[in-house]
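This report looks at one strand and its partners, and then at a single side chain and its surroundings. Please have the sequence and the model open while reading.

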Amino acid sequence: MLDCTPKEPVPSDAHTIGKINPVKTCQPVGAMYAALGIHGCLPHSHGSQGCCSYHRMALSRHFHEPAMASTSSFTEGASVFGGAANLKTAIKNVFAIYHPDIIAIHTTCLSETIGDDLPTIIKQAEIPEGRYVIHANTPSYHGSHITGFSNMCRGIVSYLAESDGNPKKERANIFPGFVNPGDMREVRRIVTEMGVPSIMYPDTTNVMDSPLLNKYEMYPGGGAKIEDIKDSGNSKMTLSLGAWSSDEAAATLQDKCNVPGVPLKIPIGVKATDDLVMAVKEGFGVEVPESLEIERGQVIDTLIDTHFQYEGKKVAVFGDPDIVIPLTEFLITMGMIPKYVITGTPGNKFEKIINQMLEEAGIEGSKVRAEGDLFELHQWIKEESVDLLIGNTHGKYIARAEDIPLVRVGFPIFDRAVQPLMPITGYRGCLRLIEMISNTLLERRDRDCKDEDYELIL
Amino acid sequence: MENDCSLPAGSAPCIDERQFSIMTTGKNKSRIHCADDSLAGAVSQRACVYSGARVVLNPVTDAVHLVHGPIGCASYTWDIRGSLSSDSEMFRQSFSTDLKERDVVFGGEPKLAACIDEIVEKYHPPAIFVYSTCVVGMIGDDIIAVCKEASHRHGIEVIPVESSGFISGNKIVGYRAAGDALLKLIRPKEGETVEKTRKLNYLGEYNLGGEKWLVESYLREMGIEINVAFTGDSTVADLKKAPGACLNLVQCTGSMHWVAMSLDQEYGIPYIDVNFFGAENTAESLRKIASFYGDDEIMRRTEALIEREMKKVRPVIDRYREKLTGKRAAIYVGGAFKALAIIRQLKELGMEVMFTGTQTGKQEDYEQISSIVSEGTVVIDDANPAEIEKFLLEKDVDMMAGGVKERFLAHKLGIGFVDHNHDRKDGLAGFEGAIRFAREVYATTCSPVWERVKKNPFEEVQD
């Protein structure tokens with residue numbers, strides 16, 4: 001069952017021409033997710049309505065939340081004569097009916113191919129006083145959902161962030177990268193714990209993990225406030241988490257408002273979290289509070305207590321580059337062997353960074369691929385199997401076909417709930433990752449071992 | 001329990017131009033506007049032409065479904081439908097030509113041809129469906145020509161599905177594209193004939209949660225065989241036998257009526273509408289099929305089956321009706337066929353249907369819906385979330401049946417939800433399905449969680 005990948009290995013240098021079982025999706029969904037991280041924002045998809053429906057569905061299935069977004073509802077006419085009229089009508093209708101504070105428009109492959117000039121259209125549109133319309137170009141035939149997220153983040157900065165020319169405030173901007181609201185909450189908690197005020201955007205906490213309070217709010221309480229985003233031009237520095245998702249936005253803010261960006265990994269694992277903590281410490285001259293020292297110590301203690309449960313196990317990791325890179329780093333810390341590491345997002349830097357990590361750890365024989373697909377990963381696994389898969393829901397076919405356990409990390413996860421609320425970032429996130437990985441391997445051992453090897457104490 | 005509408009007081013949640021897409025039975029004399037294009041700026045629940053085509057063809061299990069376009073169109077439709085297969089799982093793989101900027105500028109035809117070659121080499125499938133997407137329609141790739149050449153080159157069926165999304169915002173256009181592809185696939189080659197049988201085809205059945213298998217088991221007991229279903233758990237070889245049937249059953253009217261009519265014209269196969277959602281509908285449909293065959297033995301077996309199954313279903317429905325009587329329900333689903341079936345089942349459960357709508361209903365569908373709901377029921381075409389929210393609150397609804405986009409909206413409003421769309425994993429058809437549906441409706445409407453919602457100690461006590 002579900003074993004449609006042929007066994008015969010493809011030549012080692014032969015990528016599939018298209019994609020079979022992709023590890024990426026298209027730009028607009030990332031842009032939509034980023035836009036939802038602004039308070040009072042209605043994302044708008046400038047294209048035909050199927051796109052908008054798909055993105056909303058993908059986000060709803062992952063976050064188990066309503067995901068609101070409007071569409072220009074392109075038809076054949078708009079596709080021939082351009083989408084300007086549709087977009088202007090859409091802007092008018094959206095403000096009249098849905099009353100957002102801000103509309104964040106992203107394009108689609110269709111409107112990009114037509115060549116709609118969004119800045120001009122937006123300039124000509126009727127925008128009510130005190131409301132905003134921003135945009136990002138997100139052609140689906142370039143990059144991935146991560147590129148779309150990054151482009152919208154940059155759009156937010158270029159439209160909204162301002163510097164008042166005064167000395168910078170003792171405050172950090174946090175660009176969290178394409179992660180779950182649970183992860184964003186944890187990153188902010190760490191920075192707050194260190195006594196540093198912060199502005200985080202996009203901020204999907206209390207938007208894509210909002211509580212059921214017996215009423216529905218089209219614009220939930222969470223999300224970065226527009227005035228805060230504007231004021232981010234006056235912050236002292238930007239913690240730019242994840243090169244693929246955040247660095248462009250940070251660079252734009254640096255150019256525009258002279259706020260230096262500190263490029264960091266998304267803080268997954270001990271090392272990446274240490275790097276974040278140290279960047280805040282050095283940037284603001286604050287001490288690391290005892291509470292964080294204790295948290296870190298607990299992680300180290302747990303790693304030592306449990307290392308024999310997972311040490312030496314071979315893992316295949318796949319997903320988005322900004323998550324896979326620090327995750328691989330943490331797996332190495334755990335003593336595991338990242339045998340196959342794949343992202344669907346393009347960028348040679350990915351292979352370089354991972355290969356360097358592996359080399360430094362003295363791990364040989366691993367395969368690394370940017371812009372890969374799960375077909376290729378599956379063939380690699382057929383050649384030489386692994387003990388564990390780590391990645392999104394789409395890995396479950398390989399997991400079943402090859403009888404390998406899957407730990408679900410990343411986007412999208414359609415078949416498990418709760419995970420968007422729980423962090424894998426920070427020291428707390430380390431504990432969660434250890435728990436997930438270790439439990440999964442132990443469950444497998446308990447399931448498969450002989451009666452005489454079935455132990456109470458592990 | 002108090003619900004605040006998310007919209008500011010006094011603001012009209014409905015766009016003026018949409019007033020003709022909403023009506024209240026008993027009040028409006030005018031006809032509902034439907035199958036209009038969605039408005040620019042709407043948070044429409046509708047999908048696209050490609051989506052319509054894909055959901056119809058996707059359950060052809062041993063075919064490769066190759067999406068010619070940028071990656072998204074393939075990613076979002078990867079195994080989204082709970083169609084079950086008794087054999088091949090090829091349809092659950094995701095194939096995309098992953099068009100890049102270069103292809104958009106210089107044309108995607110060479111890449112499409114190369115992808116087809118690669119797929120044939122790797123998998124040797126009996127057929128490849130090649131779906132066109134928005135951008136492909138825009139740049140004018142001639143997928144018909146590429147498919148034709150590839151078909152000759154490899155000696156397999158390579159069938160173009162013309163489903164560029166922007167052609168229409170209505171999935172029905174996609175159903176039509178899929179229908180075209182199916183008709184092309186089953187048309188016998190010159191000199192070939194398909195032997196006529198006493199078997200029937202089952203159109204518009206996608207084997208969600210094994211529903212085709214369930215109905216097949218009833219029919220078998222009656223002494224009738226299914227030739228092939230369009231397209232649940234079908235294979236390319238099975239589909240090619242379609243012209244040999246003596247009867248077509250049409251279940252999902254939206255997607256398959258046109259195909260049924262074409263099969264009638266081309267092969268002289270008559271068709272009847274059936275509906276296996278709900279015990280009463282199932283019994284009626286089985287009798288209808290039996291009477292077509294006009295065989296006493298088949299009739300006798302059918303009645304025996306219905307009697308036996310009804311004995312199992314009735315007490316269960318009665319038990320749930322006790323709990324559900326007077327509860328208020330809303331329905332928002334893709335097609336009118338399903339809406340009608342759900343209305344009937346909810347009424348059997350003693351519930352009141354306050355609100356019903358579809359994404360793709362036609363004029364006559366809405367007339368039929370209006371005739372079976374009680375006065376004051378809101379009937380709506382292509383509802384947007386603001387409208388859904390407004391009527392859920394206004395009509396104080398307890399439970400909604402719909403698809404994934406409505407699920408979390410309903411939950412946030414404190415309203416139970418039953419998925420009657422692609423995401424469901426359990427079959428809701430037939431007698432067993434009627435029992436399951438009743439249980440699901442009960443479980444969500446009367447979930448103990450709602451008690452904790454009502455009795456929130458942090459909130460001040462409200463009258």
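## Basis of the report

Contact is used here for heavy atoms within 4.5 Å. This is a predicted model, in which local features need pLDDT of at least 70 and side-chain atom pairs count only at pLDDT 80 or more, whereas totals for chains, interfaces and linings use all residues. Residues are numbered from 1 along each chain as its sequence is written, chains are lettered from A and ligands numbered from 1 in the order in which they are written, and side-chain values use heavy atoms, with hydrogens and water left out.

## A residue of chain A

A:Arg408 lies in strand E14 (residues 406-408) of chain A, where strands (E, at least two residues) and helices (H or I, at least four) are DSSP runs numbered from the N terminus. With a relative accessible area of 15%, A:Arg408 is buried, the term meaning under 20% relative accessible area with a 1.4 Å probe and protein chains only.

Leaving aside residues up to four places away in sequence, A:Arg408 touches A:Gly391, A:Thr393, A:Lys396, A:Ile413, A:Asp415, A:Arg416 and A:Met436.

## A strand of chain B

Strand E10 (residues 328-333) of chain B is largely enclosed by the rest of the structure, because 5 of its 6 residues are buried. Strands pair if DSSP finds at least two bridges between them, and E10(B) runs parallel to strand E11 (residues 352-358) of chain B, to which 6 bridges join it; here B:Val333 stands opposite B:Thr358. E10(B) also pairs in the parallel sense with strand E13 (residues 399-402) of chain B, over 3 bridges, with B:Ala329 opposite B:Met399.

Terms used
Buried means under 20% relative accessible area, exposed over 50%, partly exposed in between (1.4 Å probe, protein chains only).
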